[in-house]
Amino acid sequence: MKKAKFTAIIGMAVMMSIPVASLAGNEKQVEIVNENIRYCESTYPYNGGILIANFGTEQLNPLNAEGKGYILYYKNGKMDTLLPADGNLNAPKGMFMRDNQLYICDVNKIVVYDLAQVSKTPKTINLPEGNLFVNDLAANGNDLYASVTNTNKIFKIDITDPANPGEPQEWITIPGPNGLLIGDGTMYVASYPADGNTSEKHVVYRISDLTNNPQPEKLVTVPGQYDGIAFASDGASLYVTNWTPAGISRINLRNGDLLPVGLSLEESLSGPADITVSDGKIYIPDLPASRVVIISE
C-alpha cells in the first residue's frame, strides 16, 4: 500500500466523528461496555455471548505490526480474555468460527486458532502481497469468503476441513469490500473507501448467485463508508454501520430502503464497525472510542 493511502486510512479512522441523527420516538436504550477494550473493530457471537477483537495498541492503526492484538469474551455482564496478546495478532478484525476453529482477519493474513487448544500456535493463511486490509469473513457451505478493502477483492478459501484450510483464491472484484454477510445463498457486501474518498460506488451490494455467475448489484444506492453488516432477527431486513455520518441503519431487503436507527448516547458513535446481532440485541464496536455499544432491536 502506498504511503498516501495508508495515511488516509489512519486519518479517517481518527477523524470520522459525525453524530448520527436520532429519530423522534425511535431512540434505543443503550448499554456501554469498555472494560479491557482497546480499539475494538469486530464482534462475533460465541457461546451465548460475544467475542470482541481488539488491536491493543497505543495509537489507532488498522495496519499495525505490533503483535498486541487480543480477543475478549463478554457474556452476562462479565468480561474474560479468550485469546491474550501472544504476538500472533496485530489488528484483528472480522471473525468466523467452525468446528472450534476461530478464523480472524488481520493485516495481509487470516489467523486460525483451535479453541480446543488455545495455547497451540495458530495457523496462518497469507494473502497475496498488497492485500493488507483483510476485513471480514462469511461462509457458504464449505466456501469461506474474505474481503480485502484496499484491493477491492474478495477471496475464497476451501474449509471442507476447517482445521486445514485451503489456499485463498481470488474470487471477485467489488468496490471497497468491507463487511460480509451470507444468508440463503446470497451475499451482502458493505462497501468502504480505503482512500477515504466516498463515491457513488460505495454502497451496499447484493450477490445472488455465488456459484455460477457472481454479479454484484446495488441493494442500497445511498453512498457511504459502510462497515459492519448483520441480519435483523425478523429475517426481512439487515443492519449496517456507516462511518459518515457515523451511525447504524436498518435496510429493508425487499426494496433497499435505508432507515437510520436512533440512539440516545452522551457520546455519539465515532466509528461503528463490525456488528453482531444476537438474542435480540445489537452489539456495535465503536472502534476509535474503544467501547461496545449494546442496544435492543
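**Questions about a predicted chain**

User: What makes Gly 256 worth a look in the hairpin of β20 and β21?
Analyst: Gly 256 takes a positive phi near 80 degrees there, and the hairpin has 5 residues between its strands. The model is predicted, so local features need pLDDT of at least 70 and side-chain atom pairs 80 or more, while totals for chains, interfaces and linings use all residues. Residues are numbered from 1 along each chain as its sequence is written, and side-chain values use heavy atoms, leaving out hydrogens and water.

User: How do you know that β20 and β21 pair?
Analyst: Two strands pair if DSSP finds at least two bridges between them. β20 and β21 (residues 258-260) have 3 bridges, in the antiparallel sense, so they meet that definition. Ile 251 has Leu 258 in β21 as its bridge partner.

User: And what joins β19 to β20?
Analyst: There are 7 bridges, and the two strands run antiparallel. Tyr 239 stands opposite Arg 250 in β20. β19 and β20 form a hairpin with 2 residues between them. Pro 245 is found in the loop between β19 (237-243) and β20 (246-252).

User: Why is β20 called largely enclosed?
Analyst: Buried means under 20% relative accessible area, exposed over 50%, and partly exposed in between (1.4 Å probe, protein chains only). In β20, 5 of the 7 residues are buried, so the rest of the structure largely encloses this strand.

User: What is the partner of β10?
Analyst: β10 pairs with β11 (residues 143-148) over 5 bridges in the antiparallel sense. Ala 138 stands opposite Tyr 145 in β11. The two strands form a hairpin with 2 residues between them, and Gly 141 in the turn has a positive phi of about 65 degrees.

User: Why is Asn 36 called partly exposed?
Analyst: Asn 36 has a relative accessible area of 49%, so it falls in the partly exposed class. Asn 36 lies in the loop between β1 (30-33) and β2 (40-46). Its phi is near 60 degrees, a positive value in a residue other than glycine.

User: What can you say about phi of Asn 108?
Analyst: Asn 108 has a positive phi of about 65 degrees although it is not a glycine, and it lies in the loop between β7 (101-106) and β8 (109-114).

User: How many helices and strands are in the chain?
Analyst: There are 1 helix and 24 strands, with helices (H or I, at least four residues) and strands (E, at least two) being DSSP runs numbered from the N terminus.

User: Which share of contacts joins residues at least 24 apart?
Analyst: Contact means heavy atoms within 4.5 Å. Among contacts between residues at least 6 apart in sequence, 48% join residues at least 24 apart.
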